[in-house]
Amino acid sequence: MAYLRRLLPLLLLVVVTACQHSPTRTTVRIAAASDLRFALQDLTAQVTKAHPDLRLQVTYGSSGTFRTQLENGAPFDLFLSADIAYPEELAAKGLAARDDVFSYAVGRLVVWTGRGSPVDPKAGLSALTDPRVRKVSIADPATAPYGRAAVAALETEHLYDTLRPKLVTAESVAQAAEFVTSGNADAGLVAESLVLGGPLRGVGRWSAVPLSDYPRLVQGGVVMAKGRTAAAREVRDVMLSAAGRALLANYGFSG
Amino acid sequence: MWLSARLSAATTVLLLPIGVLLAWWLSRTRRRWAVVVEAFVALPLVLPPTVLGYYVLVSLGSRSPLGRAWQDLTGSTLAFSFKGLLIASLLYSLPFAVQPLLAAFAGMDRRLVEASAVLGRSPLSTLWRVVLPVCKAGLASAAVLTFAHTVGEFGVVLMVGGNIPGRTRTVSVSIYDSVQVLDDAAAARTSLALLAFSLVVLTTLYALRRNGSAFRMDL
């Protein structure tokens, strides 16, 4: 009997878990830009609190690849892109309604020096001219929005030609940050969301590049017409609510 | 991990018969355009995986005739599913099945084939009864290389599969995923498992190869 009583909580737990996985829950399949990972983990909790019937299944990757995949019928209900141009393209091709394209944040570029770097990035981009900074990582301007922003900002401040020999190009902005953490670059031009959220929070020092230095990086998403549109819109609404926006701002995604 | 193993096993089982027939035909045919077929078989070696993946994606996707026909028949998409991955893997690993078999067929004693033909066996029966037993080592190489190559497949899977957890997220894609989120510990763990697995597979390959050559000397 005592044995049974000890087992009871365990049994209850099994029953409760089983109930949680009842088939009444709708899974919303989300394709999200990699830099959203930490923010979305937090946001998921908010969504499931507001809508206990929803379950989020997120795949992270490069926005450009997602665009190609969605054009070819990838099974995603919601696409959260690093660049609003891709959702707009999908809407233009009739894969989503125009009204379902939305913007959730404006991306911000920061100058970041890694752990233990003697260089203070407070001076902004000009701090990179310090001879102790030998390599500066940026994302590939050909494919990554943050790479284009980095080049544009350097050009605005007339530093591009001076700094060009120091620039090393990474495949994505996350890899540009990786170059700095691994010591392969002394500084990087990366997304604010990377140094505010996740494992890089509090590592090294950073300062924001003035927003006027580069074209606005409008980050946008879209509800795909062929998916579970009602559920996807509910997720979008949580994301764009006051509480959702406050959460996103904590991770460097503010409007 | 299970998904990778399943994909690799299915690819190997399906690709071996295809590879054997293709290599057999290539090794015997006198047609001039056979070299073009050979070049096509070797193409996945040269093409960057993402390029191959892009072509497969576009030809299987919902906009292509094939993708649409499949959707009408089954109600599900071919791309972004296990079956889509399987088709991509078959193409991607084709040279790894055909090349060792071609080498084995070229290296065997032609008189065995001629003797079998003189004794009235059909070409297919010769292939099954004479050639394959002699070329066991080549067959083993083809199988293991196909299996291992499919496990390590990355660019194609990411493009065609879409990195969907539980459905198309293979080991190599999950490593990429961990690196993307700066989760070095998880990336290192998975990489180590993959490394150990690859080492075991390759050791088996070379062990089989040695046994194979010993077997040939017995003859």
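## Chain A overall

Of the 255 residues in chain A, 46% are buried (20 or more other C-beta atoms, placed from the backbone, within 10 Å of a residue's own; 12 or fewer is exposed, and partly exposed lies in between). This is a predicted model, in which local features need pLDDT of at least 70, side-chain atom pairs count only at pLDDT 80 or more, and totals for chains, interfaces and linings use all residues. Residues are numbered from 1 along each chain as its sequence is written, while chains are lettered from A and ligands numbered from 1 in the order in which they are written.

Chain A has 10 helices and 10 strands, taken as DSSP runs numbered from the N terminus (helices H or I, at least four residues; strands E, at least two). Its C-alpha trace spans about 75 × 55 × 30 Å along the principal axes.

## A helix pair in chain B

Let's turn to chain B. Helix 1 (residues 2–28) of chain B packs against helix 8 (residues 136–152) of chain B at about 140°, the axes being 8 Å apart. Axes are lines fitted to C-alpha atoms, for helices over the stretch in contact, and angles run from 0 to 180 degrees between N-to-C directions. Helix 1 and helix 8 of chain B are therefore oblique to each other (under 35 degrees is roughly parallel, over 145 roughly antiparallel, 65 to 115 roughly perpendicular, and the rest oblique).

## Two positive phi values

His158(A) has phi near 55°, positive though the residue is not glycine. His158(A) sits in the loop between helix 5 (145–156) and helix 6 (160–163) of chain A, and is exposed, with 10 other C-beta atoms within 10 Å.

Phe80(B), also not a glycine, has a positive phi of about 65°. Phe80(B) is buried, with 26 other C-beta atoms within 10 Å.
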